[in-house]
Each structure stands twice: as C-alpha cells, then as structure tokens.
Amino acid sequence: MHQSFIRYKNYRYAVYATMLSFVVIIAYVLDAPYQPVNGGTFLGYTLGTLGAFIIVFLMWLGVRKRSYYSSLGSVTGWLSAHIYLGLALFLIATLHSGFQFGWNIHTLTYVLMCLVIGSGCWGIYTYLKYPSLMAQFRNESSHTEVSENLRDLDQQALRLATSIDKQSHELVADAIRRTDIGASLWAQLSAKDGSKLMINSDKQSTDTANIVDNKEQHALIVTLAGKLAGSTNVDEITSIQELLEITGNRAALLKKLQKEKQLQSLLQIWLFVHLPLSFALLAALAIHITTVFFYW
Ligand code: HEM
C-alpha cells in the first residue's frame, strides 16, 4: 500500500506534475515583462493564482480522507496527486515570487509553504522506511500475531503460577496488570518501559512503597529467582523454572512491541507538524492575497 501511492497508475501524477513544471519553467524563461520579475507581473499573477489553487487542492486531501462515501477518486490517487503537485508547487511558488524575498507576509507565506512541503517529504520518508523496519522487529509476523503470542504467554504464566501457590499467582497477575510499555505519545516515542510490580502482595498491603519498578520484568524475574533458590520441592522447582522461562520470553516480546509502538508513533508525529503548518499556511496565504489586492 505504501509504495502504491508513489507508483499510482504508472506514475500518472508524477508525469502530470513534471509536465506542468516544464511548462512553468519555459513560460518563466520566455517571459519578458516591462518591470523586474516579481509576483506582480502578468506571469507572476498567473503563477500565484495557480499556486493558490494547488494549495487549496492539497488542503482538500484532509476532507477527502474523511469522506468515506465519496466517489471522487480513490484516497490513494488523491495522495499520489497531493505528493507530486505539492513538490511542483515549490517550483511554481518560487518562480511566482521572482526571488524577491524580504521581511514581509509574502515571504512568511513562502517560508510556511516550504516548511509544509519539507514536513511532507519527511512524512513520505517515514512511510516508506518504517513499515519495513517494523516488520523486521517482529520477524515479519503481524501485529495481531505478536499481541496473540503475548496473551498466550500471559495465560501460560498465570496457569503455572496458580499451580505453584497463591502468592505466585498474585505476583504474576500483578506484573501483567501493571505492564506499561507506553500509554502516552511521549512514552511511546521515548520507548519508556513504565511497568511496575507490587511485591509482598500476600500481605494485602496497599502501601505504595511495595510497588517497585518492573522494567523489562526484572523485579518479577528477581523475585521468582529468590523463590526458586528457597524451594526444596522438585515439582515446585520445575514449575518455577518454567515460569522464569516464560517470563523471560514475555519480557523479550514486550520489548519488541515497545519498539514497534515507538516506530508507529514516529510514523504519526510528522503529521502533527504537517497539518497545523498547512493551516498556518492557508491563513498566511489569505492575508498575502488580501494585502496584494488591497495595494493593487
Ligand atoms: C503546501 C503544500 C501542502 C499542503 C498545504 C499540504 C496539506 C496537507 C493536508 C491538509 C493533509 C491532510 C492531513 C489530514 O487531514 O490527516 C496532508 C496530508 C499529507 N501530506 Fe501534505 N500538504 C502539502 C504538501 C505535501 C508534500 C509536498 C508532501 C510529500 C512530498 C505531502 C505529503 C502528505 C502525506 C503523505 C499526507 C497523508 C497523511 C496520511 O493520510 O496519513 N504533503 N497534507
């Protein structure tokens, strides 16, 4: 899917955008205005109008994405056109400006547009790069598969712990309950393991001093290892060893899921830049056009 919007219909929109760019370059080279080249010549106005229409079209992608019943082309096609026309816009707006930059609303509009286009390129880069990376982290297995594996390990650990004693059951259940590999966006981005564990839970204590850090299930493994060292019953020793192995596998799987969540949030974060900047651009564009016509 991620490749498809790049190659959509045999690069249809890449071809259109390239043709448009050539026409614009030829018009710019052949243009011989009576005044120095700038946005106020006939060609300048033409390119400015074209650029403004393209920006409105690019903004419309947000509407099209959410119009689930729309028959106005597929979202993949829209995205493909969005990308290639967005890149052509850089050329169109630069030639529209005639390279006349200064400390004014016109240049601010241009800078905002460059930032939106830049963030769009960052988005494409993440879309193309990270899905394959995510698959590598999961050894090519799907996200649902990984989550199901985790649920299986949870069940196995609980069953084994119950067969040992009540205290072990409560310990393992608590470790599962307090597993936290990133609820907030920041925790996901920083891949922070905030898992906790209440030790001595058999004392029915709610004292928060009993809640310790359980990063990478370390506290649970240490507690189980302590229990193993103190055990003399052969059956119990075997069960604790199995439980330790499952806990180790669970910790490794959690690490994989955490890495995947980190990559997923990296995939989303660029849009938090792209979208607000594109609205700022729209506002600047409206002021830019209003001031131009006001002074005309
Ligand atoms: C001035 C130029 C641009 C404007 C105003 C603009 C604006 C927007 C808007 C409003 C959306 C919809 C976001 C949403 O509602 O979720 C969007 C999405 C997107 N834009 Fe742009 N964009 C521009 C240029 C570009 C460029 C040059 C690229 C790539 C090279 C790009 C890549 C993307 C991608 C990949 C999405 C889709 C995100 C998704 O659906 O997951 N944009 N853009």
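**Briefing: a buried serine and the aromatic pairs**

Ser-195 is found in the loop between α7 (185–189) and β1 (196–198), where helices (H or I, at least four residues) and strands (E, at least two) are DSSP runs numbered from the N terminus. This is a predicted model, in which local features need pLDDT of at least 70 and side-chain atom pairs count only at pLDDT 80 or more, while totals for chains, interfaces and linings use all residues. Residues are numbered from 1 along each chain as its sequence is written, and side-chain values use heavy atoms, with hydrogens and water left out.

**Around Ser-195**
- Ser-195 counts as buried because its relative accessibility is 0% (buried means under 20% relative accessible area, exposed over 50%, partly exposed in between, with a 1.4 Å probe and protein chains only).
- Not counting residues up to four places away in sequence, Ser-195 touches several residues, including Arg-178, Asp-180 and Asn-214 (contact means heavy atoms within 4.5 Å).

**Aromatic pairs**
- The count comes to seven aromatic pairs, where rings of Phe, Tyr and Trp (its six-membered ring) pair if their centres lie within 6.5 Å, and planes under 30 degrees apart count as stacked, over 60 as edge-to-face and the rest as tilted.
- One of them joins Phe-5 and Tyr-127 edge-to-face, at 6.3 Å centre to centre and 65° between the planes.
- Phe-5 lies in helix α1 and Tyr-127 in helix α4 (residues 105–137), so this pair ties together parts that are 122 residues apart in sequence.
- Phe-5 is buried, with a relative accessible area of 0%, whereas Tyr-127 is partly exposed at 22%.
- Ring pairs link Phe-5, Tyr-127 and Trp-270 into a cluster.
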